Every structure is written in C-alpha cells, then in structure tokens.
Amino acid sequence: MAEEQRRQLDSIAVETTKTFAYGECAHNDGANIKYRFFTPQTEDGKQYPLVIFLHGGGECGDDNELHVAGNIGAYAYALPENQAKHPCYVLAPQCPKGLAFTAPEFERSFMKLFRGFTAQNAVDKSRVYITGLSLGGMGTWHYISKYPKLFAAAIPICGAGNPYTIKNAKHVPVWACHAADDPVVPIDDTIAPSDFRLSGMVGTRRMVEALRACGGSVRFTEYPAGYIAETYGIPKEYAGHFAWEPAYRDAEMMDWLFAQNRKLHDEYELIKPGVWFFNDYSDASYYMVEGRDKALVIDTGMGAGKIMPLIRRITDKPVELAVTHIHGDHMLHADEFDTVYIPEGDRELLPTFIKAMMPDLKLPEENIRWIKDGHTFDLGGVYVEAISLPGHTPGSMVYADHKHKCLFTGDAIGSGIIVLMSIVGALKLSEYKANLDIFCEKAKEFEDYTWLGGHRYQERGGAFGNYYEALEAQPMGFNPLHRQLALDMSELCQKLLSGELEGTEIPPFNGKDAGEPTLTATYRSAGIVYLKSQVK
C-alpha cells in the first residue's frame, strides 16, 4: 500500500474517530471501564444494528483514546460510505491494563454497559454484532460462547478461544479471520500459559474446527504467509498479526455481517432420537415427532423466517401440524402446512387471534382438522395422544408421545415462569382448576415423561423467560416442567379462590389495559397472571 494512500486513510480514521462520544461505566463488583460510541443518523420509530468492537492488547488502559484512535476495527463501521449503506451504532469499550475482556470483573461491567446502552438507544436487539482483534478476538469468542442468544453474528480476528465452550455458540453465524504466519497468536496451536489472560486457548483454526464439529455456521478466511506484509507494507516480522487490515476492509464480509438477523434463524436440537426441539428469536418453542411414515410438528413459533426449509433439512417424510392452542406464537406459520390440527375448543376464538396476532396468515378452512380430547395421531409406530387442558384458552391441548415418552404442554401450565390467564378467552380460575385436577389424575401415567413447554427457555427463570431481559432480572431459578408443577398450579388456584392468597397488582400484560386490575401470584413451583374478575 502506497505511503500517500496510508496517510489519507490515517487522516480519514482520525476524523471519523472524532465523531465517537465518550462514556464510562462502573459496577459495584466489577471494573471501571471507559468506552467510546458512535451514533448513526436516526429516524423516529426506527431501530438500528449495534456493532461491538473489542480492541487488541496493545490498546488496554484508561485514556479512552488509544483503542479507537486510528483503529480500523473501531472506525470501519462508522465511515460515511459504510454508514450510508449500513447505518449502525458502534460501541467500543476499553479494557483496563492487567485485565482481559474475559476477566470476570470486566465482564460484569461490560454486561451492565451493554444492557444500558441497548436500553437507552434505538438498538435492534435482533441485530447485535460483536467483533474484535487479537485480545479482542479472544473476547469475541468468549462472549458468543457465554451469551450466544445476544448476538446475531460475530467476526473474531487473529484471536483464540476455548474449543469446549464454543459449542454453546453453534447457532451464532461466525466469520473468523487469521493469518497463517501470525507470530503473536498462533493460528492453530494452544496458547502458552505464560500470559494468564490467554492460558488454555487455541488458535482460530482449532476454534473453527470445534465450531464445525458441533454443527455451527462458520466461515473462515486464512490469509497466506506473507500476504499482509506484501499488501500493506507492514514489516514482515510482525505483519502476520495484522489480519484486521484486510478483514475490516472486506466489503463482502461487511455485507454478510449486516445481513445476519436472529429473527431469521431458529435454533434446533435433537431431544432424543425421533424428537426435535426448535426455538425462535421470541423464545417461542415448537417440536417435531418423527414416525416411520410421517412426522408431526407441534406448534410453529413466530420467527420472521419460514420454518419448513428447516424442517426439511431434518426429515423428508410427509409432515402435518398440530397446535396446542390458537395464539400467534404457536401457529403463525400454519399456512406452510397442508394439514393443520386445531383444538375444537378454540374454534370460536380463532378469527379473533388471526386478526390480532396473525393478520397475514392465510389458512384455508379445508386445511384445518378440528380435534377433541383423545384424538390419536398414528405416525407409523409412533402414537401421539391429544389431551385436553382448557384454561389458557378454551381449547388448550397437551400432546403425549408415548413411544418417546414426551409430553408437549404448550402454555397450558405455563413454561417455568407463569401461566398467562389475563388474556382474551382465558377461563375462570375455578374452571381452570377443575380441568387441572382431571389432567393431573391422568398425568400419573406421565411421571417419567419428558415435559416440554411452549417457551422452553422460561424454565431457566427471568422476566417471562425473555433471555435478553433476564440478564438484568433476578431469575427465579431453574423450574423444569413436571406433574408437580400442575399440582401446584391447581393448589394455587384453590388458594386464590378461597382468599387464602391474594395476588399482587402488576402492569397490564403487553401494556393492554383490560379495564380491571391485572394480578400475579405464586405458590411453590407455580405462577399465574390473571384478572381480578377471574377469581370466581
């Protein structure tokens, strides 16, 4: 690269980094970290992606300048030509000397900063990206391993990471970069333990292999030996470590980054042979049971992308859909199926919820099969039984897969946090309790079944199971679904009906005023949100 061209780029970098504002964040049990941030030109009502940039080890400190001054990783996304194409926020924290981005005290402060920044700005939480170089590349691998549901994509450059924990990030799209002749961070070897910040990590080649081994989505650019020295005029003895020079100038990589959106990519995993679990961006869960002759999908989630292409990656058998109830987060994609089974008890409410939650859903009447308690699906050697449990909706259904010993409960008893009863069509608590008692008696057969709810991550506690908000909320702890939860729910209803317990008033669910108090109460493992008029 010509010297004149380099001077021009340096001048552009200086002017661009001047547009970064200053900030500072402290945590009672963490580090005091300073940061710089860039704000795009925004329009009211719109949200914008956020790029988090983690600098290299040479820029650690507390001057709040060194980590962005002329650092291409910081200013690349803020350049006018890139903002014109991909307007976004940029957040660049500075790691204090003597620490690493992976240090617990830094992490606590960084997560506080992250939560505050995304709450106070028009950040699209489905398009949060993280990237870093060298020490920051290590931080990038760390954060997607520990908080995979926060990030839509990651670009770790000339870093290293833990090949055992990266499996947690198998659903995070990654584009990793490293030079073959990197003299500072080896591209494939285990990092020597001489530096406490790097001990036990492996280079990018090994991290990419580890991610691929668990089914991760990863692209890898390896710059050949000598390429960076020859292209950018950097002295050969350390040029191999400067993988960020070509990486942050790669237009294809930048376009790829901003094309990633968590709303378009549902997570999935095998629960047991023949049973699959899926989860979308909104933490709505759905499942698939496969028999010899066909497969049954239970619910659909409400992700932005179509779900059938994902299902077709798993099975080529004929596929039908059974929904646990008629809310949008459970049947938004029903029009992707030729045959849709819906509980008879929800027939009258279906038009209401299509209008309110699924206005674009085109579901021909001839595709619908209305089912009642006791209906059995024969998938070929696998039988799935429909079990009625009205309450959350008048027709709420539970499905029992007796071959694989799985029980799919939808929202009928909640999903680890609460059962939501303060919604149109929900039954009175006395009716719900009577139905719970009938169900609990039958559920004696299912003590050794795997109980799978409609929002599986809610079992981990937090604010209505929302992973993003739960980072700040005090979680109630792991609360997996089981028969005892249904028994506790029945007893909770009884205590509310008898007046032994009184609920606490809370804001209306989703901000919709029902014209009367919205209340919540808990008893043992059960929780409920309800309206005062339902206590009868």
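Start by selecting A400: its bridge partner in strand β21 is L407. What you have open is a predicted model, in which local features need pLDDT of at least 70, side-chain atom pairs count only at pLDDT 80 or more, and totals for chains, interfaces and linings use all residues. Residues are numbered from 1 along each chain as its sequence is written, and side-chain values use heavy atoms, with hydrogens and water left out.

**The sheet**

Now select residues 397-401 and 406-410. These are β20 and β21, an antiparallel couple joined by three bridges. (Strands are DSSP runs of E with at least two residues, helices are runs of H or I with at least four, and both are numbered from the N terminus; two strands pair if DSSP finds at least two bridges between them.)

(Contact means heavy atoms within 4.5 Å; axes are lines fitted to C-alpha atoms, for helices over the stretch in contact, and angles run from 0 to 180 degrees between N-to-C directions.)

**From α14 to α16**

Keep α14 and select residues 483-498, helix α16. The two pack at an angle of about 150°, with their axes 9 Å apart. That makes α14 roughly antiparallel to α16 (the word applies to angles over 145 degrees; under 35 is roughly parallel, 65 to 115 roughly perpendicular and the rest oblique). The crossing is left-handed, meaning that the near helix is turned anticlockwise from the far one by less than a right angle; clockwise would be right-handed.

To see the contact, show side chains including L429, Y432 and L436 of α14 and A486, L487 and C493 of α16.

**Last stop: α4 and α5**

Finally, select residues 104-120 (α4) and 135-146 (α5). Their axes come within 13 Å and cross at roughly 70°, and the two helices are therefore roughly perpendicular to each other. This crossing is right-handed. Which residues of α4 meet α5? Look for F106, E107, F110 and M111, facing H142, Y143 and K146 in α5.
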